[in-house]
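The sequence and structure are shown first, and the description follows.

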Amino acid sequence: MANHFVITIARGYGSGGKTIGKMLSEALGIPFYDRELFYMASEESGINLEMFGNLDEKVRKSFLDKRTHKYVGDLIPPESSSFVSDENLFNYQAKIIKDLADKESCIIVGRCADFVLKDRDNVVKTFIWAPMEDCIKTVMDLQSLNEKDAERKIKKIDRHRSDYYHYYTCRDWDDCRNYDLCLNSSLLGYEKCTQLIKAYTEIKFDIKL
């Protein structure tokens, strides 16, 4: 039985993954971490908060020529010229994810958390997706965009997330083999996705939540 556990949520834009994460947080009574990780990483490292926000799940185009920079866990020291590099910003964010996993049950959205915690037994790794037409409708409704602009935004953000994930993990973001559960939020609905993740967590760790 796990003393505590972590649920990681990778998600397609417009699939409702963030909403499902918040619903899980409320249902389980455990913290939910998304952009809060920036503040924690900035405080830990002393690096300006804005630098973390500017690179949120994105890789600079010039870096894509490098193919990958697989995360191995080492922090770059302050005296190094690479201390504020994109890679070290990721390193500090990953350190925060590991620290959280060490001390409490929580839900972490995005930021390659499934890979950062891949060697730990107390993790449930999930991927939330939905068909493009349903994601488009969701984004149109939430952001008052027309269909064309909504589709363009979804493709752009999902491409950024996919490139970011591949750059730091050498894996494909939407490969089901990376996750314990891959759920179609359009087919199941947010409430049932929440219930299924909760039920799987109970089964995996032999606990009652």
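## Helix α8

The model is predicted.

At the N-terminal end, α8 is capped by N146, with a side-chain oxygen 3.2 Å from the backbone nitrogen of K148. The buried residues of α8 are A150, I154, I157, D158, R161, Y164, Y165, Y167, Y168 and T169. Just after the helix, C170 adopts a positive phi of about 60 degrees.

## Strand β4 and its partners

Strand β4 covers residues 123-129, and six of these seven residues are buried, so β4 is largely enclosed by the rest of the structure. Strand β1 (residues 6-11) runs parallel to β4 and is joined to it by six bridges. Strand β5 (residues 181-184) also pairs with β4 in the parallel sense, over four bridges.

## Nonpolar cores

The largest nonpolar core has 35 residues, of which F90 and I108 touch the most other members. Two or more residues come from each of β1, α2 (36-45), α5 (86-103), β3 (106-109), α6 (113-116), β4 and α8 (147-169). The greatest contribution is that of α5, with eight residues.

Leaving aside residues up to four places away in sequence, I108 is in contact with V6, I7, T8, I9, Y33, L37, I97, L100 and A113. Another core, of 18 residues, lies apart from the largest one; F5, I107, V124 and I207 are among its members.

## Salt bridges

There are 18 salt bridges in the structure. In one of them, the side chains of R11 and E57 meet at 3.0 Å, N to O. R11 belongs to strand β1 and E57 to the loop between α3 (49-54) and α4 (61-64), so the pair ties together parts that are 46 residues apart in sequence. R11 is buried, with a relative accessible area of 8%, and E57 is buried as well, at 7%.

A further salt bridge joins the side chains of D34 and K18 at 3.2 Å, N to O. Since D34 lies in the loop between β2 (32-33) and α2, and K18 in helix α1 (residues 17-28), this pair ties together parts that are 16 residues apart in sequence. D34 counts as buried at 5% relative accessibility, whereas K18 counts as partly exposed at 37%. Salt bridges that share partners join K18, D34, R35, D56 and R111 into one network.

## Helix α10

T194 is located in helix α10 (residues 190-205). Because its relative accessibility is 4%, T194 counts as buried. The side chain of T194 reaches the backbone oxygen of Y190 at 2.9 Å. Residues up to four places away in sequence aside, T194 touches I20, M23, L24 and A27.

In α10, K198 and E202 are four residues apart, a separation of about one helical turn. Their side chains meet in a salt bridge at 3.3 Å, N to O. E202 has a relative accessible area of 14% and is therefore buried.

Definitions and conventions
Residues numbered from 1 in each chain as written. Predicted model: local features only at pLDDT ≥ 70, side-chain atom pairs only at ≥ 80, totals over all residues. Heavy atoms only, no water. Buried < 20%, exposed > 50% of the residue type's maximum accessible area, 1.4 Å probe, protein only. Pairing = 2+ DSSP bridges. Core = buried A, V, L, I, M, F, W, Y, C linked by side-chain atoms within 4.5 Å. Contact = heavy atoms within 4.5 Å. Polar contact = N/O pair within 3.5 Å; in protein donor to acceptor, adjacent residues only side chain to side chain. Salt bridge = Lys/Arg side-chain N within 4 Å of Asp/Glu carboxyl O.
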